[in-house]
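Hi,

Here is the structure I said I would pass on.

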Amino acid sequence: MTDRKKELGQFFTARDIASVMVKWVTKNKPGTLLDPAAGYGVFLSTAKQMSPESAQTAYEIDSSIAPALRNDSGARVINCDYLTDFFAEKYDAIVCNPPYNRFQNVKNRKAYIKSFADKYGVKLSGYTNHCVYFLIKSIFELSAGGRCCYIMPYEFLNNGYGAAVKQLLCSLKVVHSIAKIDSELSLFDDAITTSCLVFIENKPHDGIRFINICSKDELNALDADSRPVADEPHYLPYSEIDPDIKWNAYFSGEESYGEDNNGLMAPFGSFCRVSRGIATGCNSFFALNAAQAESLGLSPEVCVPCIAKSPDVTVPVFTDEAFEKLRLAGKKVFLFDGTGARLDSDLEYIRTGEEQGADKTYLTSHRDPWYAPEKRPPAPIWISVFSRDKIKIVRNEAGVKNLTTFHGIYFKDDTSEDDINILFCYLLTPVAQELLRKNRREYGDGLDKFEPGDLNNAFVLNPKHIDMLRRRQILNIYKEIKNNSDTDNYIRRLNDLFLEIICSERLTVKSAV
Ligand SMILES: C[S@@+](CC[C@H](N)C(=O)[O-])C[C@H]1O[C@@H](n2cnc3c(N)ncnc32)[C@H](O)[C@@H]1O
């Protein structure tokens, strides 16, 4: 991505998401429709189909895009900075994917802060993300009863800079629903961010629906208009919504949100990220064992160590030795990555795949080139996607990749190995698994499944909140688990330790209240 594209926040919206958003804003056949950051006009063309009678206005700051947009859309295209163009004009519908730029990259932020305070009486912090200015301005440009839908980075609901806009939204009571889109659905190719859709209607509402979207099907079926049920766990009346806390609490459906024990328990997604494994689109072509790789004469560059099946992993700590055992046992432990092809035999294998139709499955035919699997780095911890009584947790010390049989837990760069090992120890315990299971999907016959979004919303213990003495005790047990085949006894000890930590933290918090 060029610096200019980055500066202007040029991530473009896929048509299926545009449809969900435009459907909401055009429900009442608006006379006028605005896109404040139009790009190539995906919202405008979608709105033209869904609501041809709406007169369209679009802002686009980039003069290399604006003329084409003007030609293609037939909208009134204004080629300037939306945030500085103040008219008294109101719109019946506003739909927008604004630029997401952190405050350092918002060049005119001092001027914006001043004009927003003068015009709207909103005091914004200097750390405000670009998109928040867009959202606020649009709220003030909605006509009475008008509808607006924005794609926003989910972080604005949880970061300090979002407080001012949340206060505004709560005082006006204009938010109808907010749908959190699991980061797995990756709405934008180059942006690794969790997004949310904010559905606004310019009339007072009783409460907000907090919706979790975990799959493409859920996204496509999303109808923010379906009636909120008062006792639905994710519907909250405005009287119970606190604009000053992190709103991720409201998406979980948990009652105590973990905030009552000093942040010791927090949603997975607040300090690490659970992502699904690599989906090849054709495991029979991409997953290979050592004998196949050898007989095909493949170079090491195209054979990436990778676990294809969860039952192959029978130890909680997966080391280089464990990998070697699987390799010698003939398990499929290599992922073919054709981008590393350098020998004729590598290219020959790609040709064989094409003859056999490996390039024609849904995933491979949508990938360029088809033989390049996703580039997900190895995850330090794996969680099995399907489970029965115990959820399989594996510490991946071998740095091996994984297919979709496991979800991977990824950590922020500054997370220490000790913190990773402590979280792993915690996840092995019955106390942790019981809490995780609250977010499971039951498939009948005792079979449970987790989607990454289910886990990202589940509460776990944040290792950073554990004192030094207990950290040492846990890490000693970790070493034992790594070196012993019978781990039950160690897991019992860990369970006692973690229960003690959780209970003592609760007592401390209670006595401080
Ligand atoms: C995230 S893209 C979205 C484009 C399009 N609406 C879509 O969803 O595909 C944001 C667009 O806003 C434009 N933009 C950035 N800053 C702007 C500003 N201050 N005023 C108007 N447009 C702006 C960018 O050039 C970019 O095309």
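**Notes on the domain 2 / domain 3 contact and two local spots**

There are zero salt bridges between domain 2 and domain 3, taking a salt bridge as a side-chain nitrogen of Lys or Arg within 4 Å of a carboxyl oxygen of Asp or Glu. Polar contacts do turn up there: 10 residue pairs, both at pLDDT 80 or more. A polar contact here is a pair of N or O atoms within 3.5 Å; within protein, one must be able to donate a hydrogen and the other to accept it, and residues adjacent in sequence count only if both atoms are side-chain atoms.

Before you go further: this is a predicted model, where local features need pLDDT of at least 70, side-chain atom pairs count only at pLDDT 80 or more, and totals for chains, interfaces and linings use all residues. Residues are numbered from 1 along each chain as its sequence is written, and side-chain values use heavy atoms, with hydrogens and water left out.

The protein chain splits into domain 1 (3-253), domain 2 (257-279 + 376-513) and domain 3 (281-373), with bounds from an automatic or database domain assignment. Between domain 2 and domain 3, about 1600 Å² is buried, and carbon and sulfur atoms give 69% of that. Buried area means the accessible area (1.4 Å probe) that two parts lose on being put together, summed over both. Ala-279, Val-400 and Leu-403 supply 30% of what domain 2 buries against domain 3, more than any other three residues.

Now for a helix. Which residues of α7 are buried? They are Ala-163, Ala-164, Val-165, Lys-166, Leu-168, Leu-169 and Cys-170, where buried means under 20% relative accessible area, exposed over 50%, and partly exposed in between (1.4 Å probe, protein chains only). That is seven of the 10 residues of α7 (163-172), so the helix is largely enclosed by the rest of the structure. Its cover includes α6 (130-140), β6 (175-181) and β7 (195-201); helices (H or I, at least four residues) and strands (E, at least two) are DSSP runs, numbered from the N terminus. Just after α7, Lys-173 has a positive phi of about 55°.

Last one: Gln-56, in strand β2 (residues 55-59). At 10% relative accessibility, Gln-56 counts as buried, and its side chain reaches the backbone oxygen of Leu-44 at 3.0 Å. Beyond its neighbours within four places in sequence, Gln-56 is in contact (heavy atoms within 4.5 Å) with residues including Leu-33, Ala-47 and Arg-76.

Cheers
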